[in-house]
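Hi,

Here is the structure I promised to pass on. Have a look at it first, and then read my notes below.

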Amino acid sequence: MKFTPELSFSGGRVRPLTYDDVDALFELYQQPELPGQRVLENKDNLVRMVDLSVQMAATQRGMMWALEVDDHIIGMVSAFDWQPSLLRTMLRVDGLPQLTLAQRSAALKTCMDFMADKYHLRNFGYQWIEGQNDAIKTMLTDLGFQQSALMRDAWRSGEQSFANVVQFNYVLDKKKPVAGRLGENSDINPGQNLNAADHSNGGDV
Amino acid sequence: MNWNFPAGNFTLRLPLVDQDGAALYDLLKEQTRVDHIPRLAMSVEAQALDELRRMAMRFETREAAFWLVEGAYDQQLLARIGIQKINWMLSSAQLQWELSDAADLPVLQEIMPAVLNFCFAELGLHRIEMRLRAGSEPHETLLQQLGFHYEGCLPAQVEYNDSSVDMALYSFLASDRD
């Protein structure tokens, strides 16, 4: 079964991880972008990561996409700390230096739109770690994120060193799904109305 | 490692499943004592037994540690204070407390330095944070009086009583003791 969809965005696409991606992912993690993140030495860990990407998506704990431009993997989009009942998740993008902010932004938006639509998620978090590219913060606010907190020394960058973390959140202004019987609340629970062939109008027939 | 320790006129000890149910229920049956988490108060004593078992399981995996705070002489339960979501990689943990009416600022000024010292010196943690429902008084004032720093407000973190609850974030670092 497939739990992670392939999604297109302007200039590229995101798609599920496969075992064939191990070499490209290994290349990606030779240039880690988080402060203190170690260069990956063992490819076996990536085989395990592909397995995990399937398990996490199947159990709604997280989702990982390979980010492709011109058929080459130049990044990854990850949703983690996914809380289905609380309608929120954290997001992260890892990219090679050639991944532009525009591509990063477009990929992130595509994944958020999917998770909001499919799983009714309405609160997306993103943590910018001191030492990362400053322009990522601007990209996030341009996407609609707002700074929620400055978390002191919340990221460990070395044996005895820590970095501040700026947390951003994007809370969508949309109704929350409400549990109900078939046909009830069909404007916000379109999947509940099995009689509706076209769900684009909220399930109303 | 001894996880039980004294703090001035008080003692902090790990709970005992077969012994502390009644006292814990007395503490946690009042809604005002758990509103800041936010959580519903206990309504039957069996919930306290269940909570004690959960605490024991979470402690076994070193994911959390909860202490019962008692008067050193009268052995009366004043509060439950714990750390949870211990992240040994990031050297951080989340603090949680439920306070009786007797656990005011002077009492906490005796207890909290011992708790924080234990977390930093014995456990090797670097950052202790507390997340609580935004606008929770007097807890937010107490945290500030105890030296915690306000870091911001995380929106829509918890669904409680049909509402999305924003959580205020406070922290205390090992270096804040200097």
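**What I found**

B:Asn161 sits in the loop of chain B that runs between β7 (149-160) and β8 (163-173). Please keep in mind that this is a predicted model. B:Asn161 has a positive phi of about 50°, although it is not a glycine. Is B:Asn161 buried or exposed? With a relative accessible area of 59%, B:Asn161 is exposed, because anything over 50% counts as such.

Go on to strand β8 of chain B and you find B:Ser163. B:Ser163 has a relative accessible area of 36%, so it is partly exposed. If you set aside neighbours within four places in sequence, B:Ser163 is in contact with A:Lys176 and B:Val158.

**Where the two chains meet**

That brings us to the contact between the chains. How many residues does each chain bring to it? Chain A gives 19 residues and chain B gives 26 residues. The size of an interface is often given as the accessible area lost when the parts come together. Here chain A and chain B bury about 1700 Å² between them, and 47% of that is on carbon and sulfur atoms. There are two salt bridges between chain A and chain B. One to look up is B:Glu151 with A:Arg152, where the closest N and O atoms are 3.5 Å apart.

**Chain A as a whole**

Chain A has four helices and eight strands. If you walk along the sequence, their order is β-β-α-α-β-β-β-α-β-α-β-β. Of the 205 residues in chain A, 49% are buried. The accessible surface of chain A is about 10500 Å², with 48% of it belonging to carbon and sulfur atoms. As for contacts in chain A between residues at least 6 apart in sequence, 54% of them join residues at least 24 apart.

Start with α2, residues 44-58 of chain A. This helix has 15 residues and reaches 22 Å from its first C-alpha to its last, close to the 21 Å expected at 1.5 Å a residue. Which residues of α2(A) are buried? They are A:Leu46, A:Met49, A:Val50, A:Ser53, A:Met56 and A:Ala57. An α-helix has 3.6 residues a turn, so residues three or four places apart point the same way. The cover over the buried residues of α2(A) includes α1 (22-28), β3 (63-69) and β4 (72-83) of chain A. After α2(A) comes A:Gln60, which has a positive phi near 55°.

Then there is α3 of chain A, residues 101-119, which holds A:Leu108. A:Leu108 is buried because its relative accessibility is 0%, and the cut-off for buried is under 20%. What does A:Leu108 touch, not counting residues up to four places away in sequence? The list is A:Val77, A:Leu91, A:Val93, A:Tyr126, A:Met139, A:Leu140 and A:Leu143. A:Leu108 and A:Ala79 are 29 residues apart along the chain, and their C-alpha atoms are separated by 9.9 Å.

Back in strand β4 of chain A, look at A:Asp81. Its phi is near 50°, a positive value in a residue other than glycine. A:Asp81 counts as partly exposed, because its relative accessibility is 39%.

Is B:Asp20 buried or exposed? B:Asp20 has a relative accessible area of 4%, so it is buried. Leaving aside neighbours within four places in sequence, B:Asp20 is in contact with B:Arg13, B:Pro15, B:Leu52 and B:Leu68.

Finally, some peptide bonds in chain B. The bond from B:Ile37 to B:Pro38 is cis, with omega near -15°. B:Pro38 is in the loop between α1 and α2 (46-60) of chain B. The bond from B:Glu137 to B:Pro138 is also cis, and here omega is near 5°. You will find B:Pro138 in the loop between β6 (127-133) and α4 (139-145) of chain B.

Happy browsing!

Technical notes. Residues numbered from 1 in each chain as written. Chains lettered and ligands numbered in written order. Predicted model: local features only at pLDDT ≥ 70, side-chain atom pairs only at ≥ 80, totals over all residues. Heavy atoms only, no water. Helix = DSSP H or I, 4+ residues; strand = E, 2+ residues; numbered from the N terminus. Buried < 20%, exposed > 50% of the residue type's maximum accessible area, 1.4 Å probe, protein only. Contact = heavy atoms within 4.5 Å. Areas by Shrake-Rupley, 256 points an atom, 1.4 Å probe, with all protein chains shown as cover. Expected span 1.5 Å × (residues − 1). Buried area = accessible area lost by both parts, 1.4 Å probe. Salt bridge = Lys/Arg side-chain N within 4 Å of Asp/Glu carboxyl O.
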